[in-house]
Amino acid sequence: MVKNQGIGRSHAKIILMGEHSVVYGQPAIALPLPNVKLTVTIDQQDDGHQTIVSKYFNGDVEALTPEMLGIRQLISALVDKFDAYGDGWRMTIESDLPAERGMGSSAATAIAIVRAFFDFYEAELTREELLSLADIEEKVTHRSPSGLDAATVSFDQPLYYIKGQESMPLEMNLSATMVIADTGVKGATKEAIQNVKDLLASDPETAQYHIEHLGELVEATKVFLKEDQVMKLGTALDAAQDDLRALNVSDDSLDKLIEVAKQNGALGAKLTGGGRGGCMFALTRTAMGARRLASILKEHGAKQTWIQPLDLEATN
C-alpha cells in the first residue's frame, strides 16, 4: 500500500559529557535536542522518477554526490525492501541541523528517511529495524559507528553509553535551558582523537587522569540530571571542559565562546562533539537568560545558535 505522502521526523543530539574519554572505556551521556528538527517528506510522482530536494543536493537519486553515498545506499536498501523500483516519488529533506558539527546530522537524516519510507508504504517499523536500517548510512559516513547518534536522534530521553554496551535511557528532570552555538569552524575529530593519543604516549599519567576524571563527571551528572541539581551540573560542565582542554581537543574558537558565555551568566559551558572547532553549549537557569546569551554569543562570532529547554517533557 502506498500513500500520497509519507513523513519521517528526527532531531539533533549533542554529547552532554564524555567526549573522547568514551573511546577509552569511560561512560558518556548523549542528549536529544527536540527543538532542532529534521523532517523528510516523500510525495508521489507520476513520472516514475525518484528525486531528492535538499539544501545539499537537488536531482535524481542516482546522481547523488559521493559525499551522500551513505544516503544513496540507504535509499537503495529501502527501495529494494519495498520492491519500489518503478515507483515515482520526490523526497524533500528539511533540516535545522548543521553538517559536521557534532549534532548528529547524518544519523538524523537516515532515521527520518527510514521513517518516511515506512510511512509512505504504510508498513510497521520496530525500533530494532529502524536502527538497523539507519546503520547502513552510518557505516558509510562514519565507518565504525557506535550507534549512539542514531539511538539519540530517534529517542526523547538522554542516553547513557559505554562503548560496546547497549545504551541506557536516563531520567531527566532539569529546570534549565541550553544554548548551543556553532563556532563556524568545521570540527576536526580525527585531529582531536590523535591529540589524545599523542598525549597518552608522551604523558600517560596526565592523559589517563583527565580521561578517568571525565568518566567520574559523567557518573555524577546522571544524578544531577535526575535530581534537578542545575548548579552542580554547571560546575561539572566547566570541569569537563578543563579536562578536554588539557587533552588538547578544544581550540581558540571554542575557548572564546565558552569564555564569553561564562562572563555573561552561564552556569557552565563546554565544547560538544569531536572538538577542534564545531559547537559549544552553555547552561542557563531560564529561557530568557538563554535568549539573551544566544544574542551575545552571535555578537562574539557564533555563526548560528539554538535554544533547547532541558525539561524535555515540555518540548515533546
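The exercises below work through helices, their packing and selected loop and strand residues in a predicted model.

Residues are numbered from 1 along each chain as its sequence is written, and side-chain values use heavy atoms, with hydrogens and water left out. Because this is a predicted model, local features need pLDDT of at least 70 and side-chain atom pairs count only at pLDDT 80 or more, whereas totals for chains, interfaces and linings use all residues.

**Exercise 1. Describe how helix H5 packs against helix H6, and state which residues make the contact.**

Step 1. Two packed helices are described by the angle between their axes and the distance between the axes. Helices here are DSSP runs (H or I, at least four residues), strands likewise (E, at least two), and both are numbered from the N terminus. Axes are lines fitted to C-alpha atoms, for helices over the stretch in contact, and angles run from 0 to 180 degrees between N-to-C directions.

Step 2. The axes of H5 (residues 189–202) and H6 (residues 204–226) come within 5 Å, with a crossing angle of roughly 130°.

Step 3. With contact meaning heavy atoms within 4.5 Å, H5 contributes Val196, Leu199, Leu200, Ala201 and Ser202, while H6 contributes Pro204, Ala207, Gln208 and Ile211. Seven of the residues in the contact of H5 with H6 are nonpolar, two are polar and none is charged; in this division Ala, Val, Leu, Ile, Met, Phe, Trp, Tyr, Cys and Pro count as nonpolar, Asp, Glu, Lys and Arg as charged, and the others, Gly among them, as polar.

**Exercise 2. Compare the span of H5 with its expected value, and locate its buried and exposed residues.**

Step 1. The expected span of a helix is 1.5 Å times one less than its number of residues. H5, with 14 residues, reaches 20 Å from its first C-alpha to its last, close to the 20 Å expected.

Step 2. Buried means under 20% relative accessible area, exposed over 50%, and partly exposed in between (1.4 Å probe, protein chains only). On these terms Ala192, Asn195, Val196 and Leu199 of H5 are buried. They cover an arc of only 95° around the axis, which puts them on the same side of H5, the arc being that of the directions from the helix axis to the C-beta atoms.

Step 3. Lys190 and Ala201 are exposed residues on the face of H5 turned away from its buried side, and the cover over the buried residues of H5 includes H6 and helix H7 (230–246).

**Exercise 3. Is Lys13 buried or exposed, and which residues are in contact with Lys13 beyond its neighbours within four places in sequence?**

Step 1. Lys13 belongs to strand E1 (residues 5–17) and, at 4% relative accessibility, counts as buried.

Step 2. Once neighbours within four places in sequence are left aside, Lys13 is in contact with Leu31, Pro32, Leu33, Gly102, Met103, Gly104, Asp149, Thr152 and Val153.

**Exercise 4. Characterise the positive phi values of His20 and Arg276, with the setting of each residue.**

Step 1. His20, a residue other than glycine, has a positive phi near 70°; its place is in the loop between E1 and strand E2 (28–44), where His20 counts as buried at 8% relative accessibility.

Step 2. Arg276, also a residue other than glycine, has a positive phi near 50°. Arg276 is found in the loop between strand E9 (268–272) and E10, and is partly exposed, with a relative accessible area of 24%.
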